[in-house]
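Please examine the following model before turning to the discussion of its parts.

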Amino acid sequence: MLPDSYVEDLVEVGKANGLDAVGVARAEPFVSTQNDLEERKAQGLHGGMQFTYRNPARSTDPTRALVGAKSLIVAARGYLETVPDSPTGLHARSARYVWDDHYAKLRNGLDAIAEVLRAQGWSTRVLVDDNALVDREAAYRAGLGWYGKNTNLLLPGQGSWFVLGSLVTDAPLPAAAEPVADGCASCTRCIDECPTNAIVAPGVVDARRCLAWLVQDTGIFPVEFRRPLADRLYGCDDCQEVCPPNRLVERSGLRHGDLAEGESSRVWFDLVQVLTCDDATLLDTYGRWYIPRRDPDYLRRNALVVLANIGSRHADQARDLTEMYLRSANPMLRAHAVWTARELGLDDLVDLVSDDTDELVREELDRPDFVAV
Ligand code: B12
Ligand code: SF4
Ligand code: SF4
């Protein structure tokens, strides 16, 4: 076993290269997590997600990622920034973790550690938000934080505004002695305030109800979650926004990101632009996000739901955009435009598709009043 001072030096290298917290876990199978993945998949709670659910035996066993793996060096990079005010006009919001390429910065820090290890003859593999490893469990085992009831990992005194990643190595490193104790206590705010009641038990998210997944899923956006989507184009931060430890950190003034004062273009997105620009521009602007099948029409679908929720403040623009989408060649988008038109009281526009024979559009036209969450 290498000495503690060896790890301390690696932690320093990571911190000098953009990491906020670094810990070590043994590279052994995450048995309880494999069970959790399999059980939740069997119950349908994964909502069809692939990612780590595709092969639970693989994503919970670090030795599958690197032959002879002995240790995991797990890192967290903070992304807490101040939310800039929404610009005037039709704008949709994105979740904080995508305001910058924090995964790339996290990877840089882990790569710097890997370089040191490799120079000393050890093998390494860096995994950042990779389907090959369940990041939160690695971080929990490395003593970085505790599982909040919203399932996010919270770092003591620093909250959950962190992305997580690991480096698998065959170097035998001393691991964290103890996991971090629960810091939620009797709080249930994230459960109570999730807009879609997606946290179905402490530490369990039903992806079928979670807005963060629904904006990434294919198909028609489920009707009961369209209003709760509010102005979100991508991601959802509500269960972190309401979290008391996060609020405490925000009030403390600690910030990690480098968003310039008043800069809002990485946070708020012009709906008119999203709904009128071509595929190449959409993929160029939002390509870092997980867009199902790389099909920009799914972003347009989300944008139409947002337009239904906020368009009444800009009636003329909203009318033009809705009309444009009622004439779309894609029936999924025509169907969503029917919803948008009705939500905005533009029932006269719906006549444009009254003879539409597509099943998706007909379903939308025939929809009885939706059931609220
Ligand atoms: C699939 C996935 C999602 C899915 C499902 C999330 C979920 N909670 O199930 C969706 C698309 C909804 C999603 C959303 C988000 N995600 Co995500 N996602 C992932 C991904 C790819 C895999 C996660 C996974 O495999 N989970 C497996 C399940 C079994 O784990 P779990 O849900 O955490 O369950 C654990 C707890 O239940 C705990 N547990 C067991 N018993 C009990 C009992 C109690 C009382 C408690 C409290 C806990 C507990 O043990 C389980 C693990 O064994 C990871 C990246 C990766 N490669 O790991 C990112 C990741 C988890 N996501 C991340 C982020 C940032 C988000 C969002 C905040 C993004 C956003 N703003 O929109 C939201 C947060 C939503 C939420 N409340 O979780 C970060 C989390 C960072 C952190 N500090 O925790 C990760 C690690 C990405 C990264 N590399 O940084 N995500
Ligand atoms: S990300 Fe949003 S929808 Fe999903 S559990 Fe958290 S608050 Fe609920
Ligand atoms: S809101 Fe409360 S229960 Fe939820 S993660 Fe934060 S501290 Fe834990």
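Student: On what basis are the values given?
Tutor: This is a predicted model, in which local features need pLDDT of at least 70 and side-chain atom pairs count only at pLDDT 80 or more, while totals for chains, interfaces and linings use all residues. Residues are numbered from 1 along each chain as its sequence is written, chains are lettered from A and ligands numbered from 1 in the order in which they are written, and side-chain values use heavy atoms, with hydrogens and water left out.

Student: What separates the centres of domain 1 and domain 2?
Tutor: An automatic or database domain assignment gives domain 1 as 4-169 and domain 2 as 196-229 + 267-365. Taken over C-alpha atoms, their centres are separated by 31 Å.

Student: What area is buried between domain 1 and domain 2?
Tutor: Buried area is the accessible area (1.4 Å probe) that two parts lose on being put together, summed over both. Carbon and sulfur atoms give 67% of it, and the total between domain 1 and domain 2 is about 2400 Å².

Student: Which residues of domain 1 lose the most area to domain 2?
Tutor: The leading residues together account for 30% of what the side of domain 1 buries. They are Leu45, Leu90 and Ala92.

Student: How many salt bridges does the rule find across the interface of domain 1 and domain 2?
Tutor: The rule asks for a side-chain nitrogen of Lys or Arg within 4 Å of a carboxyl oxygen of Asp or Glu. Across the interface of domain 1 and domain 2, the number found is 0.

Student: Which residues are around ligand 2?
Tutor: A residue counts here if one of its heavy atoms lies within 4 Å of the ligand. The residues around ligand 2 are Cys194, Pro195, Thr196, Ala198, Ile199, Cys210, Leu211, Cys236, Asp238 and Cys239.
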